Amino acid sequence: MFRSHILVCGGTGCTSGNSIKIYEALVHRIYKEGLEKEVHVTQTGCFGLCAYGPIMIVYPEGAFYSQVKVEDVDEIVDEHIIKGRIVTRLLYKETVADDGSIKALNETNFYKKQCRVALRNCGVINPEKIEEYIAYDGYEALGKVLTEMTPQDVIDVILKSGLRGRGGAGFPTGRKWQFAKNSPGKKKYVCCNADEGDPGAFMDRSILEGDPHAVIEAMAIAAYAIGSDQGYIYVRAEYPIAVQRLTIAIRQAREYGLLGKNIFGTGFNFDLDIRLGAGAFVCGEETALMTSIEGNRGEPRPRPPFPAVKGLFGKPTILNNVETYANIPQIILKGADWFASMGTEKSRGTKVFALGGKIHNTGLVEIPMGTTMREIIYDIGGGCPNGKKFKAAQTGGPSGGCIPAHLIDTPIDYDNLLAIGSMMGSGGLIVMDEDNCMVDIAKFFLEFTVDESCGKCTACRIGTKRLYEMLCKVTDGTATMEDLDKMEELCYYIKENSLCGLGQTAPNPVLSTLHYFRDEYEAHVRDKRCPAGVCKKLLRYEIVADKCKGCTLCARNCPVGAITGNVKEPHVIDPEKCIKCGVCMEKCRFGAVIKA
Amino acid sequence: MAKKIDVPFNGTKEQEEKLRAALKQLRVEHGGQGLMIAALQKAQDIYGYLPAPVQQMIADELGVSLAEVYGVATFYAQFSLYPKGQYKIGVCLGTACYVKGSGDVYKKLCETLHIEGGQCTDDQKFSLDATRCIGCCGLAPVMTVNDDVYGKVTPEEIDGILAKYN
């Protein structure tokens, strides 16, 4: 029996903040004190509150230490572990009640409204120990499926639960499985899409890093349901920690007889291999992903035939996203009705969102479908930092759109997001404030899709490029009002004439910003002005004579010598020489430099 | 497009043996199906990049044409036909980092190192790439130098960070 448990986050966010060194220092100290039989130190997956990483929790007190540094380890051991005095200075502020006592984590604003199904084990168990997963009901669902249910029973449960694909498009998972089950053929494949490419979305990686066995178990269940004996997990090579933990998890599952031949003595065979992606966004599209597993250039194929009929290596295949799989064992154990009781009528269950951008609590949150954007951004996310005004939220990555502030009370589910011109996507939610230019954001996404278009369809390959050039004209101030109309027309042309989801959705960021922020586009075109002060070509820096004290700091720091003036007299910027780097504005201590 | 530096290919006999052994191993693991990407990944691990002679070796071993190997190697962002610097700098230009100003960090690096993305400094010390989201959005904007991760980076900090590697 341990008297104390210390959980150190080993997700990528915290690891980047040196949490591995913290973990090692902690283990080292505990051994040095001879406390290894009393205090258990373990490394877990992501807690979700990445903004405050590296994170550490000490039980039984439930002390949630945030932004821990390696230097803090000694103090934590000396004070908390040895003397039993909590190190108040390191506690996450939200967990300290007014009277100084510690509040439970799930009473804090960030966790209160969350409902963790897919993330339930992340930050709880050690992902590198199968025993810990099993202790939390792991592989019980697989056992139940293999011993008590027929393949059709499994599919019926998934159908009834209303689970829809969490990768973006939201296709009902049960129907996908049913198609694959009904397809004739002896050899079938189960694939997992872990090629998480949407910039700003990292829930799949966190699940793989924090709870890899949940995905393995779910894939085995899927294999049983459709009659497959081989699976592939296609994961980005850019996710080294996820790949490593998956590799360990697969090895352990094989050792325990949970993968391989004759699982649970039922005669059911299933094994799993990892395939590393090599950095191509289009490979998140299902047919492109399969082409890539086959070792080729990851170009999409026309559908039909759908993968459920003719997929990987020409055999019936199902492909689901990581988060979708992470829900499956829970649905089997707790039942379809339990799952369907969460969320909205057409979007059941929960969804994980990656909060990023101009928001206080960046990180991962899992909320029931139907939660409003306002609750996510203000109640959970803590709003925009530095008192800035919320302007828009971007969902769905390069395929999605920007949701303006006046639609902030929209309950989030698949259909509502589509209706307001965005989409669920994989669940990235990037918050933007008044300092972000919406044309610039649209341009940013287009640059991404130009780069990532695989080149197969002309409308996507050339269309996105032309669209990008038009956006450049807008941000340079050389576009005309007709260009805006042409842009819109081109958007629809690209959507209608592209084979796969990448091209069909690539114009969405432009269309949604044109729709909701047309005034901003018009300001660029008509007034040659960027209201947010982002687009460099349209910017002019000026010095307000009344505020300038003539300290010469700006002139000394200007890299091109564009600022002139005598000491203790107001300075001026020569717009011809100015390269708009903004150094003068940063350096000025009197707020005298402004963007005009 | 990467800067074409004329680096003569000087792969060693050991590297070649290592690659051939790795390809043999892969063939067993993959059951002969869909080897190409894994083969290129192994080769890049061994050589650091994928020059024409290495692509030719893979083509011979897998029994496919050089064009096919080249086609796959140029499709994926992970593969580089040119050598990288001793210190590989990556700046995340994912959305979360971008809205928090990683574009300025990237520009500052280009100016300081006098190279563009995908290029390598003349002394082959630093190479610079704009990367896709690396998933630590909580630390935005993020840059990496080999395996070191720097979070919440500002353009002013660049000189100090680079100095650590000089």
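In this predicted model, A:Val215 touches A:Cys192, A:Ile207, A:Leu208, A:Val322, A:Tyr325 and A:Ala326, when residues up to four places away in sequence are not counted. A:Val215 also belongs to the largest nonpolar core, which has 215 residues, and is listed there among the residues with the most contacts inside that core, together with A:Met219, A:Ile221, A:Ala222 and B:Val142. The largest share of this core is contributed by helix α10 of chain A, spanning residues 212–226, from which twelve residues come.

Turning to the contacts between the two chains, 31 residues of chain B are in contact with 38 residues of chain A. On the side of chain B that touches chain A, the elements giving two or more residues are α2 (36–47), α4 (66–75) and α5 (95–99) of chain B. Classed by residue type, this side of chain B has 19 nonpolar residues, ten polar residues and two charged residues.

A strand pairing was also examined in chain A. Strand β12 of chain A, formed by residues 390–395, pairs in the antiparallel sense with strand β13 of chain A, formed by residues 401–404, and the pairing extends over four bridges. Within this pairing, A:Ala393 stands opposite A:Ile403 of β13(A). The two strands, β12(A) and β13(A), form a hairpin in which five residues lie between them, and in the turn A:Gly396 has a positive phi of about 80°.

Technical notes:
Residues numbered from 1 in each chain as written. Chains lettered and ligands numbered in written order. Predicted model: local features only at pLDDT ≥ 70, side-chain atom pairs only at ≥ 80, totals over all residues. Core = buried A, V, L, I, M, F, W, Y, C linked by C-beta atoms within 7 Å. Buried ≥ 20, exposed ≤ 12 C-beta atoms within 10 Å, placed from the backbone. Contact = placed C-beta atoms within 7 Å. Nonpolar A, V, L, I, M, F, W, Y, C, P; charged D, E, K, R; others polar. Pairing = 2+ DSSP bridges.
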